[in-house]
Amino acid sequence: MTLLTDNEMLSILTNSLQASQKACETQLNLSKWEGKRVERKIDGDVVAKYNSVRGKTRTTKELVSKKSEPTYGAAMRASRAIYDFWVASTTEWIGRGRRALNGVKFLEVSTKVEELVGQLDSAVDALVAEWPAIVERQREELGALFDEAQYPTAEEIRGEFSATIKYMPIAPADAIALDLDEEAMAKFQASAEAHIREAIAISVGDVYKRLKEPLAKMVATLRDPSATFKDTLTANITDVCDAMPTLNMFGDARLDALATELRELCNFEQDDVRSPAWRSKVGGYTNHVRGEDAKVKRQAVADQGKAILDKIGSII
């Protein structure tokens, strides 16, 4: 898929070939204790009881429930919050597990990550303090299925939760300092420049996908006369538009234009396009005229959204 023409890419690289001035690479290492285990012995019992083929069943035992054990649930949510914020603040990048962060947002994002890591540490402290009692409750609840060997100690559970994030510069092609002859250096720099171009295309493509997915959902929902929806129908789109100054770090003008167009599209009262069935359910507008108005408005927004969706589709 071609996101940027050579001229568009050259324009972007002319402004940000010194890649570290525009963005940096970031990598999150996150670990947590998943309180579930696959019970192969129970699978064997199921096979024997029902005379089925081994491998056709998979029995998962919940060692600790996030719902019934609030401190464990809090630690898991704190871990997830770090990941969600990191993903929301960055774009896809080349290389497994690496993402791109707008350099202007480095201090803001790194400070927030530190705050979230602190919240994780506090949640894990509370979990460690209650861990012996939690394990005992599982002994009672699981009965013969309880296996103490499957549970870490209080100090071990602390080590199961961690979060570290690295920030690394993106070296531009002309910053290579290898001791090579002229021909080899030219070849190496060409390869490095191609790598940067591919990475930027991945980053830009990620932003297009973030616009496309919620927009496609909104269009499909509005085209279904019986579909109901929550207020997040447009919020999922406008949230990406609001984040555009952060996400569009390589300056694709088409993304900025799409964000403006989508903000205008989403600037409508959602109750004005809800179905008559929903209105009847909540005791809202139910007369035929008002229902027809909603139907017309609903179709108009869906058609405009489809036109923008097609425009994005022509790019990615």
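User: Where does threonine 234 lie?
Analyst: Threonine 234 lies in helix H8, which covers residues 232-242. Helices here are DSSP runs of H or I with at least four residues, strands are runs of E with at least two, and both are numbered from the N terminus. This is a predicted model, where local features need pLDDT of at least 70, side-chain atom pairs count only at pLDDT 80 or more, and totals for chains, interfaces and linings use all residues. Residues are numbered from 1 along each chain as its sequence is written, and side-chain values use heavy atoms, with hydrogens and water left out.

User: Is threonine 234 buried or exposed?
Analyst: Threonine 234 counts as buried because its relative accessibility is 8%. Buried means under 20% relative accessible area, exposed means over 50%, and partly exposed is in between (1.4 Å probe, protein chains only).

User: And what is threonine 234 in contact with, leaving aside neighbours within four places in sequence?
Analyst: Met218, Cys266, Phe268 and Gln270. Contact means heavy atoms within 4.5 Å.

User: Switching to charges: how many salt bridges are there in the whole structure?
Analyst: A search finds 19. A salt bridge is a side-chain nitrogen of Lys or Arg within 4 Å of a carboxyl oxygen of Asp or Glu.

User: Which side chain does arginine 158 meet at 2.6 Å?
Analyst: That's aspartate 125, in a salt bridge with the 2.6 Å taken N to O. The pair links distant parts of the chain, 33 residues apart: arginine 158 is in helix H6 (residues 154-160) and aspartate 125 is in helix H5 (residues 106-142). Arginine 158 is partly exposed at 32% relative accessibility, and aspartate 125 is partly exposed at 40%.

User: What about arginine 158 and glutamate 155, how do their side chains meet?
Analyst: They form a salt bridge at 3.6 Å, N to O. Both residues sit in helix H6, 3 residues apart, about one turn of the helix. Glutamate 155 counts as exposed because its relative accessible area is 53%.

User: Which residues do salt bridges with shared partners join into one network?
Analyst: Glu69, Glu130 and Arg137.

User: OK, zooming out. How many helices and strands are in the protein?
Analyst: The protein has 12 helices and 6 strands. Of its 316 residues, 39% are buried. Among contacts with a separation of 6 or more, 75% are between residues 24 or more positions apart.
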